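Please look over the sequence and the structure before reading the points below.

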Amino acid sequence: MKKYLPFIILALLFLVPLVGLNSYIMHILILVLIYSLIGMGWNLLGGFCGQVSFGHAAFFGVGAYTAGMLYTKLGWSPWWGLLLSLPVVLVFSLVIGFICLRLRGPYFALATLAMGEVFRVTSENLVTWTGGDVGILLRERTWVSKIWYYYIILLLAIGAFLLIKKVMGSKWGYYFVSIREDQDAAESLGIPTTVYKTLALCLSGALTGLAGAFYMSYMGYIDPKVVFNLHDISIVTIMVVMVGGVATYWGPLIGALIMVLLAELIRSNPGLGAAHQTLFGVLLVFIIIFLPNGIVGDFRKIVKLFKPGRAG
Amino acid sequence: MTDLLRVHSISKTFGGLTALQDVSFSVQSGEILGLIGPNGAGKTTLFNVVNGFYKPTVGAIFFKEQKISHYKPHRICKLGIGRTFQVVKPLQRLSVLDNVLASAFLRAGSKAQARERALELLRFTGLYEDQDVISKGLPLGKRKRLELTRALATQPQLLLMDESFAGLNSTEINDLMKITREIRDRGTTIMIIEHHMKVIMSVSDRIVVLNFGLKIAEGTPKEIGSNALVIEAYLGEAQSA
C-alpha cells in the first residue's frame with residue numbers, strides 16, 4: 001500500500017482538474033502547488049542542509065521580476081522567465097551566499113531576513129527598471145481557463161520533487177545533511193562546507209525563483225510588496241515546511257495544502273479575516289510543541305494519538 | 001621511518017591565554033604516538049591546530065613535507081589526516097551506515113563504491129549488525145566506534161584519536177585497543193590523546209607529554225613512566241605532602 005501511495009497521489013493530482021472544478025478551487029490548488037514548490041526549495045536549504053533562511057522572498061521576487069521585466073523591457077512572453085530566471089537567480093544566490101553563508105545559525109537567519117528586505121526596498125526604488133510601486137501588469141493573460149496553469153505548476157512541482165529526491169540520494173545530499181548535523185565535524189571529514197552550502201543555496205534559490213516566475217505569468221500582476229513580502233512569502237514558506245515536516249520529501253506539499261486551505265478558510269470568514277496572522281502564530285506554537293517534526297515527520301505519533309485504547 | 005607529520009615550534013594564544021607554547025615534535029610513519037597531559041594542557045588545542053580548525057599563532061606544521069598550517073580542515077582531511085572528536089559528533093538522525101557512507105564519499109567514485117567501503121569498515125569495527133540503527137540511539141561505546149569508523153572512511157594516512165576510550169568499560173576498552181593496533185597494522189599512522197594510562201602505555205610506541213601548553217617530555221612509554229617531570233605534572237611535587 002505504502003509503495004503505491006506516491007503514484008495514487010500523482011494520479012489524483014493529474015486527474016483533479018478533469019472533474020470540472022470551478023475556477024476558485026482551481027486557484028486554490030494552484031496556490032497550494034506554488035507554495036509547495038517554494039517550500040521544497042526552502043526545505044532543501046533549511047531542512048536538509050540546516051541553513052534556516054528568513055529571506056526566501058528575495059529569490060521568489062527575483063524570479064518574478066525576471067519574468068516581468070522580460071515582458072516590460074523586451075516585450076517577451078513572461079513564460080521565458082521560467083527559463084531565464086534560473087541564471088538570474090543563480091547569480092543573486094551566489095551574491096547572497098557570499099554575504100550570508102559565512103554566518104552560522106541565527107546569524108545566517110537574520111542576514112537572510114535583512115536580504116529579503118534589501119531586495120524589496122531596492123526594487124521599490126529602482127523605478128526605471130522595476131516600475132517601482134506601480135508594479136508590473138500583464139496586459140493579457142495567456143489562458144482564461146486555469147487548467148493549463150495548473151498542469152504547468154504541477155509539472156514544475158513534480159520536477160522539483162524528483163530533483164530533490166535525486167540530489168538527496170547522492171553525495172550532495174549526504175554532504176548537506178552532514179553540514180546540518182555538525183558543520184565542524186563535516187569540515188573535518190573532508191567536506192568543503194562553504195562550497196556545499198553555496199550549492200544548496202543555489203538549488204534552493206533556483207526552485208523558489210521558478211515559483212516566482214510562474215507567479216508572474218499566472219497572476220498577471222506583481223509589485224515589490226507582493227513578491228518580496230516578508231510575511232506572505234518568507235515566513236509562510238517556513239510555516240509550510242514546519243507544519244508539513246522539516247527535511248521530509250512530502251512535508252512541503254502537505255504543509256502547503258494545510259496552510260493555503262487554512263488561510264482561505266480564515267479569510268473567507270469576515271469575523272476572523274484580520275486575525276489570520278495571529279492564528280498562524282498559534283498554529284506554529286502548537287506545531288513546535290506537539291509535532292516538532294511536522295505532520296509528515298511525526299505521522300506515527302499522530303496515528304498513535306487517534307488509535308483507541310492505546311492511551312495510558 | 002620517515003616523518004609523516006612535523007610540528008615545528010607551534011604556539012597558539014587565545015587573547016592573553018597561551019594554550020600552546022613552542023611545541024615541536026614529529027610523528028613517524030607507521031607508529032602510534034600517544035599525547036598525554038593533565039586537563040587543560042593543550043592536547044585538544046594541538047589536535048585542532050593540526051586538523052586546521054585553528055591557525056597556529058606562531059610556527060608551522062608539515063604533512064609529508066608539505067606545509068599545511070594555513071589550510072582549511074576539509075583540505076587537510078583530503079590530504080590524508082582524519083580525526084575523531086572527544087565529544088562524539090555523529091549525524092544523529094541518520095543510520096549508522098549513512099553516517100559512514102557520508103564520509104566514504106570523499107574518496108569514492110560512486111555511491112556503490114562508497115557503500116561497499118562503508119560496509120567493509122563497519123565489519124572491521126564491529127558495527128555491521130548495527131548498520132540500520134539511527135545513530136542517536138547507539139550506546140556511548142558504539143557511538144565512539146562509529147566516530148572512529150567515520151574517520152577511517154576518509155582513508156587517512158594519519159588518524160587523530162581524541163579520547164576515543166573515555167567512558168568505555170573494560171571489555172570495550174580491550175576491543176578498541178585491538179582495533180587501534182589493527183588500524184596501525186593496516187598502514188595508518190595514529191596520534192592518540194588518552195587519559196587511560198593503561199591504554200596509552202600499552203598501545204603507544206612513543207609518547208609526548210604536554211603540561212600548561214609546553215612539551216615537557218617525549219619518549220617510549222617506559223621512559224615516560226619514570227620521568228620525574230611527568231610524575232610531578234600528574235601527582236604534584238613530592239615534598240608538598
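The model shown here is predicted. In strand 8 of chain B, B:M191 is the bridge partner of B:L160. Five bridges join strand 7 (residues 158-162) of chain B to strand 8 (residues 189-193) of chain B, and the two strands run parallel.

- Strands of a sheet pair through backbone hydrogen bonds, and the pairing is either parallel or antiparallel.

- B:E218 lies in strand 10 of chain B.
- B:E218 has 16 other C-beta atoms within 10 Å and is therefore partly exposed.
- Leaving aside residues up to four places away in sequence, B:E218 touches B:F25, B:R206 and B:V208.
- The C-alpha atoms of B:E218 and B:F105 are separated by 37 Å, and these residues are 113 residues apart along the chain.

- Five bridges connect strand 1 (residues 3-14) of chain B with strand 4 (residues 58-63) of chain B in the antiparallel sense.
- The bridge partner of B:R6 in strand 4 of chain B is B:F62.
- Strand 4 of chain B also pairs with strand 5 (residues 66-67) of chain B, in the antiparallel sense and over two bridges.
- B:F63 stands opposite B:Q66 in strand 5 of chain B.
- Strands 4 and 5 of chain B form a hairpin with two residues between them, and B:K64 in the turn has a positive phi of about 50°.

**Two packed helices of chain A**

- Two packed helices are described by the angle between their axes and the distance between the axes.
- The axes of helix 2 (residues 23-48) and helix 7 (residues 147-168) of chain A come within 9 Å and cross at roughly 20°.
- Helix 2 and helix 7 of chain A are therefore roughly parallel to each other.
- The crossing of helix 2 of chain A past helix 7 of chain A is left-handed.
- Among the residues that meet are A:L33, A:L37 and A:M40 of helix 2, and A:I153, A:A157 and A:F161 of helix 7, in chain A.
- The residues of this contact divide into 19 nonpolar, one polar and no charged.

**Where chain B meets chain A**

- In all, 21 residues of chain B are in contact with 17 residues of chain A.
- Helix 2 (73-79) and helix 3 of chain B are the elements that give two or more residues to the side of chain B that touches chain A.
- That side of chain B has ten nonpolar, five polar and six charged residues.
- Helix 3 (residues 96-104) of chain B is mostly covered, with nine of its nine residues buried.
- Among the buried residues of helix 3 of chain B are B:V96, B:D98 and B:L101.
- The buried residues of helix 3 of chain B pack against helix 8 (171-181) of chain A, together with helix 4 (111-125) and helix 5 (140-153) of chain B.

How values were computed: Residues are numbered from 1 along each chain as its sequence is written. Chains are lettered from A and ligands numbered from 1 in the order in which they are written. This is a predicted model: local features need pLDDT of at least 70, side-chain atom pairs count only at pLDDT 80 or more; totals for chains, interfaces and linings use all residues. Two strands pair if DSSP finds at least two bridges between them. Helices (H or I, at least four residues) and strands (E, at least two) are DSSP runs, numbered from the N terminus. A residue is buried if 20 or more other C-beta atoms lie within 10 Å of its own, exposed if 12 or fewer, and partly exposed in between; C-beta atoms are placed from the backbone. Two residues are in contact if their C-beta atoms, placed from the backbone, lie within 7 Å. Axes are lines fitted to C-alpha atoms, for helices over the stretch in contact, and angles run from 0 to 180 degrees between N-to-C directions. Angles under 35 degrees count as roughly parallel, over 145 as roughly antiparallel, 65 to 115 as roughly perpendicular and the rest as oblique. A crossing is left-handed if the near helix is turned anticlockwise from the far one by less than a right angle, and right-handed if clockwise. Ala, Val, Leu, Ile, Met, Phe, Trp, Tyr, Cys and Pro count as nonpolar, Asp, Glu, Lys and Arg as charged, and the others, Gly among them, as polar.
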